[in-house]
Each structure stands twice: as structure tokens, then as C-alpha cells.
Amino acid sequence: MTTEPTEPTEPTVRRSSLSPATIAVAAGRPRREQGGPVNPPVVLSSTYVSRGVQEPGELLYTRMDTETWHPFEEALATLEGATEPGIVFGSGMAAIAAVFSFVAAGGKVVLPRHAYQVTLGFADDLAARYGVEVVRVDVADTDQVLAALDGADLLLIESPTNPMLEVADLPVLLAAARAQGVLTAVDNTFATPLGQQPLTLGADVVVHSVTKYLAGHSDVVLGAVVTNDPDLAAKVRAYRTLHGAIAGPWEVWLALRGLRTLALRVERSQANAAEIARRLAEHPLVEEVRHPSLPTDPGHERAARTMTGFGAILGLRPRGGREAADAVVEAVELWVPATSLGGVESSLERRRRFATESHTVPEDLLRLSVGIEDVEDLWADLDRALRTTVSG
């Protein structure tokens, strides 16, 4: 059984007049009423009172809708410049799966050669079970992506990519896909709405792993889809209901609380990442540093260079190969050896420790998620780990 979602409350901010940093704080608040709360409540109920025929917009059962989702969905949509409320999911992969559901058996998907490994695995599963053609491309090679669009049903882009941090020319690729009738989706997890708003660049759908920067504290697992298209939004909500890919009210409330400090966290972590990238580029025990920046020339690959000012994820290859990379992970004391990213704490891992990681990712690549700690403390710990474990 499905039902129409309840109407979200009237937006609490005028999106055109405020900066993203202000929107992150102000959007999704309750109406201002004398004696009312400044934060939305958490409603912990699986079901709602319902008699007779259900009217459109009435809450019935939490698998279908719950008012605790709405403030976060409003805030995220406002940040992304969307005209439709966002759609929160129980995980980032649940949101990705909803986007893949637009591809029929025998269809064609174009996606990055380097991307979140579970996204790539999901695409491979579609190929094995439903005969979906999966074409992997270097998203930084604009001509290669354009050539792959012929006959495609879906173009799914990460920019920057995970973990190689390639940067795509989104305006060109999205315009070309739209001209050919190809549905486009951008995973905006790494960049966040503060770095780019793909819907304003022409994307049909934006996907987030809310687990990462949006929630920001490594304590919830959530995903979200945002779109300007009412028909796409309805299909995504129906998918969420039918597949039970729902989020718990408490987790969504925590994500909204995390969103309030998004601008401060991203500003600090990006500044830290830029400084650490600069120092690593000059380090005698470092083979390569990757730190993405938005491209200034259309189609120009810049992801493999050390850049500043965009993103808080770094790629680091120490001299000495895989053994040296593993030794660095073991030697750090402040950096946390862990998967995932986007929390307030700095973390790192060697990505090819996962057998399912793309084989074109170097064996010795460390992915660093730079947090909000004091940059001098972070640098001292990383530099010490390099100098005590890597031979020049």
C-alpha cells in the first residue's frame, strides 16, 4: 500500500535572499509562534490515528511518511536550490539504488571508472542480473564521457570522484546528456551543496550520503535524493515506500542538527586540507598528492595536481608502495584509521585493502578525510608517521 506524502510545511527561509551558510542554520525550523520551540520535535511513532478513508496529505504509517523527515528534507532542498522537497533514505546506497531504479532491464548506464565501490558493485549486479550495459569512463576526460552517452539511459557522475578525486566538467556533460534525453544524477557527497549545486548546472537528480558531511559527526547512516522534477520526486518516494528504504526519525533529527554547522565544518576542514596538501606536495617522503579544485578550463583535468580551496579529501601516496602506506596508517596517533569520511575527526585508510575497490586505484593510495582539528596537530602526527615509517 502506498500513499501520497504529506505536504511539507511552508519553507521557513527565502532561498534566493540568503547565503548557503545561513540557509544551513535557518532552514527547516518550526513556524515562529509565541512559546514555541526553535527546533523541530522528534516524533517517535510507527503509526498514526486513522479512521475511514484517508485524505490526501494525512499521515498513516511511518514507512510512508513522518513529519520528522520534513525539516531536514526542506533544509537540504533549499541548500541544493531545489524546487521539490528532498527525499531522505535509510542510507546513501538506498538513495543510489532509487536512482538506478530508473534504468530498465537491458538499459545503459554511464558512470565513473573511479567511484564509491558499492555504487560500482551495484551497477555490476544490474549488469549480471538484468543485462544492463555498464560503461565506465574517466569523468575528467570530457570527450570520453560525451562519446559514451549515445543510447544511455542514465549518466551518474561523482565529482570529485571517490577516491581518485577526478573533477568533471559538469555544465558541459549535463547539457550534452539533456540534449540526448539521458537522465543525469550527480553524487554531491564530496563537494556538498556549499561547493556546488548540480541542479543549478542542469542535473536531473542529486544524491547524497548524508552520513558524511551533511550529518558530519560519524554517528548516523542516511542518504538523500533531491530533484526539481515533481514526477521524478514522486517515483523516488514511491520507491522508498515500496522498498522500505526509510530513515529512522531520530537519525534524521541528528542529521538536521549536524547540518546546522555544515558551513563552519566545511570551511575549517577545507582550509586544513589545503594546507596539508601544500605541505605534502613538498614532503621528501611523498610520491604523489591529490587534492581537487573546480576546473577553470572546460574539460581540463586538474584532479591529479595539488590544489587548494575545494574539498577536504586528499589522496596520498607515500614513497615505498603498499607496505609504506600500511605502515603510515598504523603509525598515526591523532588521525583515525577508519573507512567513511566527512566527520569532524580526521581519518585515513588505504583504499585497495578492499578487494572490491577499482583495480585502477593505486595499491598505495591513502584516502585522507581531513577534519576540523588544529592543522598543526594534524600535520605533526602525519609528518611523524611518514618520517618514522617511510624510507627516503
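## Nonpolar cores and helix packing

Leaving aside residues up to four places away in sequence, Leu280 touches Val286, Val289, Leu314, Leu316, Trp379, Leu382 and Leu386. The model is predicted.

The largest nonpolar core holds 80 residues, and the members touching the most others are Phe72, Ile276, Leu280, Val328, Trp335 and Leu382. Residues of this core come from both domain 1 (20-29 + 58-258) and domain 2 (262-389), so the core lies between the two domains. In soluble globular proteins, nonpolar side chains tend to be buried together.

Helix α2 (residues 70-79) packs against helix α9 (residues 249-259): their axes come within 9 Å and cross at roughly 40°. The two helices are therefore oblique to each other, and their crossing is left-handed. The residues that make this contact are set out by helix below.

| Helix | Residues in the contact |
|---|---|
| α2 (residues 70-79) | Pro71, Phe72, Ala75, Leu79 |
| α9 (residues 249-259) | Val252, Ala255, Leu256, Leu259 |

Helix α3 (residues 92-100) is mostly covered, with 9 of its 9 residues buried. These buried residues are Gly92, Met93, Ala94, Ala95, Ile96, Ala97, Ala98, Val99 and Phe100.

Conventions. Residues numbered from 1 in each chain as written. Predicted model: local features only at pLDDT ≥ 70, side-chain atom pairs only at ≥ 80, totals over all residues. Heavy atoms only, no water. Core = buried A, V, L, I, M, F, W, Y, C linked by side-chain atoms within 4.5 Å. Buried < 20%, exposed > 50% of the residue type's maximum accessible area, 1.4 Å probe, protein only. Domains from an automatic or database assignment. Contact = heavy atoms within 4.5 Å. Axes fitted to C-alpha atoms, helices over the stretch in contact; angles between N-to-C directions. Helix = DSSP H or I, 4+ residues; strand = E, 2+ residues; numbered from the N terminus. Parallel < 35°, antiparallel > 145°, perpendicular 65-115°, else oblique. Left-handed = near helix turned anticlockwise from the far one by under 90°.
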